Amino acid sequence: MSVLELDGLGVRFGRREILADLRVSLSGRSIGLLGPNGAGKSTLIQTLVGFCQPSSGTARVLGYDIRRDLPQIRATVGYMPENDAFVANMTAVAFVRMMGELSGLPSDAALERAHEALFYVGLGEARYRLLGTYSLGMKQLAKLAQAIVHGPKLLILDEPTNGLDPPARQRMIRLIQQMRDSGEMRLLICSHLLRDVEETCEEVLILKQGRIVQSCNLEEERRANRRFVELEAVGHHHGFSDAMAALGCECSHLGLGRFRMVLPEGFELREIYRWASSREVELRRLNYRRDTLEEIFMKAMEH
Amino acid sequence: MAVYKQTYKPYGGSQTPRWSRFLILGRSSYGRLMQSRFLVLYLMACFFFPVLCAVFVYASHNLSILESLNIPASRIFQINNQFFEFYCGFQGGMACLLTAFIGPGLVAPDLANRALPLYFSRPFGRAEYVAGKMSLLLYLLSLITWIPGLFVFGVQAELAGWHWTRDNVWIAGSLLAGLIIWDLFLALMALALSASVKWSLAAGALILGVLFAGGGLAAAVNSIVRTNYGSLLDLRQVMSVIWSQMFRDEQATNVPVGQAWIALAAAAAICIWLLARRVKAFEVVK
């Protein structure tokens, strides 16, 4: 089942078009939503949870239509907003418990799960402190706790590492990876930090000026990248291209001993080293071509 | 799941009915409010006048007590519609102060801390949010207005006998309806004004201003424009006119009853409009 299906979705604020004709179907365990500032990432998320009305088309979240089935969507989704968001003068445990109860948990179950969620995110020792006294990183974790307290099937995280110092960011990334790998929930992560998305997401959707400019499966991209190799040889490398072609590789000479190759399925790199050893050719450098998320993103931005 | 395991686990238990969830907000705020000593003391003070009224009712039916206190029976007011109208006016004023104390903390902090998206991303709507916040204020206002009012009426009914009760049961109806209307209006107005500003202190000042500075403003408008319509800006006077009608009191006022009802309805409509504008998950900044 697809996690997110956009079917000609458009959103307008007054005369201004924020999202236009978005069409895509995503089904990965974790989906990254990327784009420069003002691309419409947060608006898309707010539309999915029903804060904004679509002006055209529709979207389905876990099979529920955002126009018809909003209560079901809200019952199955956990949302962590981008900005500071908490209820003043409340302890973390009371806050998370109340949010659990508002999601439909009975009082006792909500209290038990509030404790568990706060321990899970690492706020166990600080759970009886007032939220107003929390640091920025702790507030982010409290927001995460309230988003997972009711056991959502889809967790929507809007800029989860905003304002976090490196250790806190690492902790947040680790939590997201754990939740993703638990298989109990799907994740939709909105961020402008490519590294965060690369570390946590399997699929990415890139927006620019309210339109989809790229949608790809990072896992497949990574697998595909392992077939592209660049190497630099020193010595008598004449005949290298022919020898590699004989082994089934596509090889092109870039000059100055540099070669670019596309390896066939099941090809072992050892074959290259063996040939080089037999011809006394030195291999100075051998890299997989790594089409990073940054490159994918930059290409998408050129559109 | 044991706390020490610290692993994520989905929830598969029962769910509460959706209609009852609005009460969670009131319950959660109630606990925090009751930590304020000032509020507890003020609530206790609010019961002083109803107790005094009950004692007065009891004394008016026990002439021997009056004689022992050297109070001539002729100086005692009659327990009638005007007595309960006065009760409404007094306790209605106490309700205003309670509203000004509790009201600012209802919506303004949620706006200031951007908590509304957290509420509305759940199966919990704007109407339920407003109902939940109102329920707390309505509960406390009821506690100091119509509930002790009906108690005083009950004491009078018990002491005056069946005939008096049968002839005056409409007073209980007017007391109940008049104070519930006032409580509802106060709760609505407090929420609307609390939602209009993000700073609790400013919200409190605004509520006090609307309730207690309305008289001065009304007098100023009346004298400058040479009209009586300015009195419609004084919501407490507007309500007292409505109470006069409900308690069948023929006192002359400069505000016709029909206009008073329209003014109250218009003020309530403005409050609902303000709430609809302000209580949203997010704002579009132009």
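Two residues are in contact if their C-beta atoms, placed from the backbone, lie within 7 Å. The model is predicted: local features need pLDDT of at least 70, side-chain atom pairs count only at pLDDT 80 or more, and totals for chains, interfaces and linings use all residues. Residues are numbered from 1 along each chain as its sequence is written, while chains are lettered from A and ligands numbered from 1 in the order in which they are written.

**Exercise 1. Work out which residues of α8(B) and α10(B) meet, and how the two helices cross.**

Step 1. Find the elements. Helices (H or I, at least four residues) and strands (E, at least two) are DSSP runs, numbered from the N terminus. Helix α8 of chain B spans residues 126-144, and helix α10 of chain B spans residues 162-196.

Step 2. List the contacts. From α8(B) come B:V130, B:K133, B:M134, B:L137, B:L138, B:L141 and B:S142. They meet B:D183, B:L186, B:A187, B:A190 and B:L191 of α10(B).

Step 3. Sort by class. Ala, Val, Leu, Ile, Met, Phe, Trp, Tyr, Cys and Pro count as nonpolar; Asp, Glu, Lys and Arg as charged; the others, Gly among them, as polar. This contact has nine nonpolar, one polar and two charged residues.

Step 4. Take the axes. These are lines fitted to C-alpha atoms, for helices over the stretch in contact, with angles from 0 to 180 degrees between N-to-C directions. The axes come within 9 Å and cross at roughly 135°.

Step 5. Name the angle. Under 35 degrees is roughly parallel, over 145 roughly antiparallel, 65 to 115 roughly perpendicular, and the rest oblique. The two helices are therefore oblique to each other.

**Exercise 2. Describe the side of chain A that touches chain B.**

Step 1. Count. Here 40 residues of chain A are in contact with 30 residues of chain B.

Step 2. Assign elements. Those giving two or more residues include α3 (92-102), α4 (107-121) and α6 (166-182) of chain A. The largest share, six residues, comes from α4(A).

Step 3. Classify. The residues on this side of chain A divide into 23 nonpolar, eleven polar and six charged.
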